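Reader: Hi, I'm new to this one. Can you walk me through it?

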Amino acid sequence: MSRPALGGAWPTARTHLAGVIGDPVRHSISPALHNAAFDALGLDWAYLAFTVAAGNASAAIAAARVLAMEGLSVTMPHKRDVASLVDRLSPTATALGAVNTVVRQGGELVGDNTDGAGFVDALRFDEGFEPEGRRCLVVGGGGAARAVAHALACAGASEVIVVNRSVAAAQHAADLAGVRGRVGTIEEASSVDLVVNATPIGMALASTASIHGAAALVDVPAVPLDLDLLRPGQLVADLVYHPPVTALVLGARSRGIAACNGLGMLVHQAAHASRLWTGLDPPKEVMSAAALAALARAEAVD
Ligand code: NAP
């Protein structure tokens, strides 16, 4: 194996290690994204995926310490557990009580959360949507909804309305948006500037089953809200990216409404993580191309 920018055999005894822990992770396109970034930056770094079963986050973090791993991405089901296993938390990870990125700083492991910043970057840089002063509605009340609600409020959104099947979860997400957050009704989607789908509704069935379990396949609607509630001039942001064009994205676009999938968020949160680990700004277009290629391969498998 070789890494063109480094020349010769690779990896070597000096190669730095980063990776993702989660279960499932065999579907993850994060290795494609991060290795493409390391390659483009000419870094002697490698990024691998590690299947770590629920309850084993503590052992995985201990291993990361012993192996002096440079960086770790954390995905389901470990984001909350890892928040209590690192030495320090960033302000965002403290607010969310969840970690998606672990950074080694000296002898310490610092937990951060780049999901919300990645989402806002995707809005700003890929969609030309500035959240400041805008009214936003988030459908969902899980980890992604909490990160998005918090980030939209931090970015200056005038209102963050959260709608979810379980009202308690919606309230938790809305609380993270502070005074601008509240639980609302789905009908309010017709009057906001931004509608976000932060539920798994619309995911490819194979992905839904592998990530959220077989029970999640029962009575799954095709879209998270009635498409007739949408209005031209709005932006619809689906956090789902597999398939690349969900029924929500397709339905919005067919009504002349701008819509994007979750790939931009995935790329930008990974870019934040890469920057935290290496101190270098990774080329987002290279990461984006790697993500699209990996997704096309996944589509071929499904
Ligand atoms: P999660 O913590 O499991 O939360 C899922 C939320 O969706 C819950 O609030 C749940 O409602 C709701 N929900 C699930 N199935 C539903 C259904 N059939 N009808 C109505 N509501 C339903 O998951 P998550 O981590 O927040 O992730 C949510 C989605 O975002 C997933 O598709 C994930 O892949 C995607 N995501 C994308 C990115 C990215 O970078 N693009 C990052 C993170 C997540 P209850 O509270 O009532 O159970």
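Author: We'll take the ligand, then salt bridges, then strands. This is a predicted model, where local features need pLDDT of at least 70, side-chain atom pairs count only at pLDDT 80 or more, and totals for chains, interfaces and linings use all residues. Residues are numbered from 1 along each chain as its sequence is written, and side-chain values use heavy atoms, leaving out hydrogens and water.

Reader: Which residues come nearest to the ligand?

Author: Gly 141, Ala 144, Asn 164, Arg 165 and Gly 262 come nearest, out of 22 residues around the ligand. A residue counts as near if one of its heavy atoms lies within 4 Å.

Reader: What is 3.0 Å from a nitrogen atom of the ligand?

Author: A polar backbone atom of Leu 239. Gly 142 also has a polar backbone atom, 3.2 Å from a ligand oxygen. For Gly 143, a backbone N or O atom lies 3.2 Å from an oxygen atom of the ligand. A polar contact here is a pair of N or O atoms within 3.5 Å.

Reader: How much of the ligand's accessible area does the protein cover?

Author: The protein covers 78% of the 920 Å² that the ligand has on its own. These areas come from the Shrake-Rupley method with a 1.4 Å probe.

Reader: Which elements give two or more residues to the shell?

Author: α6 (143–154) and α10 (263–278) do. Helices are DSSP runs of H or I with at least four residues, strands are runs of E with at least two, and both are numbered from the N terminus.

Reader: How do the shell residues divide?

Author: Into 12 nonpolar, nine polar and one charged. Nonpolar means Ala, Val, Leu, Ile, Met, Phe, Trp, Tyr, Cys and Pro; charged means Asp, Glu, Lys and Arg; the others, Gly among them, are polar.

Reader: New topic. How many salt bridges?

Author: The count comes to 12. The rule is a side-chain nitrogen of Lys or Arg within 4 Å of a carboxyl oxygen of Asp or Glu. One of them joins Asp 115 and Lys 79, at 2.9 Å from N to O.

Reader: Where do Asp 115 and Lys 79 lie?

Author: Asp 115 is in helix α5 (residues 115–127) and Lys 79 in helix α3 (residues 79–83), so the pair ties together parts 36 residues apart in sequence.

Reader: Is Asp 115 buried or exposed?

Author: Asp 115 is buried, at 11% relative accessible area. Lys 79 is partly exposed, at 24%. Buried means under 20%, exposed over 50%, partly exposed in between, with a 1.4 Å probe and protein chains only.

Reader: Which side chains meet Asp 281 in a salt bridge?

Author: Arg 275 does, at 2.8 Å from N to O. Lys 284 does too, at 3.7 Å. Lys 284 is partly exposed, with a relative accessible area of 24%.

Reader: On to strands. Which residues cover the faces of β10?

Author: Strand β10 (residues 194–197) has Leu 194 and Val 196 on one side, Val 195 and Asn 197 on the other, and all are buried. Side chains in a regular strand alternate between the two faces of the sheet.

Reader: How many bridges join β7 to β10?

Author: Four, and strand β7 (residues 135–139) runs parallel to β10. Val 138 has Val 196 as its bridge partner. Four bridges also join β10 to strand β11 (residues 235–238), again parallel. Asn 197 stands opposite Asp 238 there. Strands pair if DSSP finds at least two bridges between them.

Notes. A polar contact is a pair of N or O atoms within 3.5 Å; within protein, one must be able to donate a hydrogen and the other to accept it, and residues adjacent in sequence count only if both atoms are side-chain atoms.
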